[in-house]
Amino acid sequence: YQRRVRALNNLYNFSPLSSGINAEYGAMSINVNSTKQEMKQTETKHSELQPFFRDHELFAEYKLLCNNVPSGVYVVPSFKSLQVWHGMIFIKIGMFADGCFKFNLYIPDNFPYARPSLRFITPVFHPQVKPTGELNLAKAFPTWTPRKDRIWHLLRYTKRCFFSINTFDATNQVAAEAVHKSIDTFRSQAKICVEKSIKLYNKTEESEITPADDGNVFNVKPLASQELEKVKERLLSGGKAPFAVI
């Protein structure tokens, strides 16, 4: 009987088996720890390289924009940061006709995996534009798909908003109510925005939300007929204008 008890004890306390199991689990824990360290190092390298990948994407976006820019829309990156683009939209027809609206386009750090944002500097009375000037882009771009959704798509939608007064999911309830109650009231408010945009364009009025000038903000001035004719003659003779003519 005692021999059988010893045999059972030896069976359940068999040291080679238990030591082998412990060694195996020890090796597994070492592998898991080393894998975690490698993942952390990879994440660190990726975070360090992310700005370079983002800037590369922005260069490609701007090249596409130059080939697909909507008419009447002008955009130029900031001197200080590629993540800020200054823009201007000229409207020729509709309730906002003759308006020239300045805006800033802001690129997020994790672009192209996140949607940019757009904020008007010039006052815009519109159901999809907040009183702060931010355009509601979530309506047209609920998700932003890399290399499918493009910045020039966003700018095309921005210009279309001046012709399509959509009040669904409005971010400016005052403007939406004006559209529903009386379109004439909304039209008069749109005309006021146009007049303000022209004053800002001519530098006869200051905007409350004008950003700090980084040397690349659109600075424009109207040309008298004689000055415009001189510029035309210079361009036709093969020379270059001293400034951009819009």
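1. Let me start with helix α5, which runs over residues 183–201 and has 19 residues. From its first C-alpha to its last, α5 reaches 27 Å, close to the 27 Å expected at 1.5 Å a residue. Please keep in mind that this is a predicted model.

2. Which residues of α5 are buried? They are F186, A190, C193, V194, S197, L200 and Y201. Looking down the axis of α5, you will find these buried residues within an arc of 125 degrees, so they line one face of the helix.

3. The other side of α5 is worth a look too: D184 and K191 are exposed there. As for the buried residues of α5, what covers them includes strand β2 (84–90), strand β3 (100–106) and helix α4 (173–181).

4. On to the cysteines. How many disulfides does a search of the whole structure find? The search comes back with zero. C100 is buried, at a relative accessible area of 6%, and C161 is buried as well, at 7%. C193 belongs to the buried residues of α5.

Definitions and conventions: Residues are numbered from 1 along each chain as its sequence is written. This is a predicted model: local features need pLDDT of at least 70, side-chain atom pairs count only at pLDDT 80 or more; totals for chains, interfaces and linings use all residues. Side-chain values use heavy atoms; hydrogens and water are left out. Helices (H or I, at least four residues) and strands (E, at least two) are DSSP runs, numbered from the N terminus. The expected span of a helix is 1.5 Å times one less than its number of residues. Buried means under 20% relative accessible area, exposed over 50%, partly exposed in between (1.4 Å probe, protein chains only). The arc is that of the directions from the helix axis to the C-beta atoms. Contact means heavy atoms within 4.5 Å. A disulfide is a pair of cysteine sulfur atoms within 2.5 Å.
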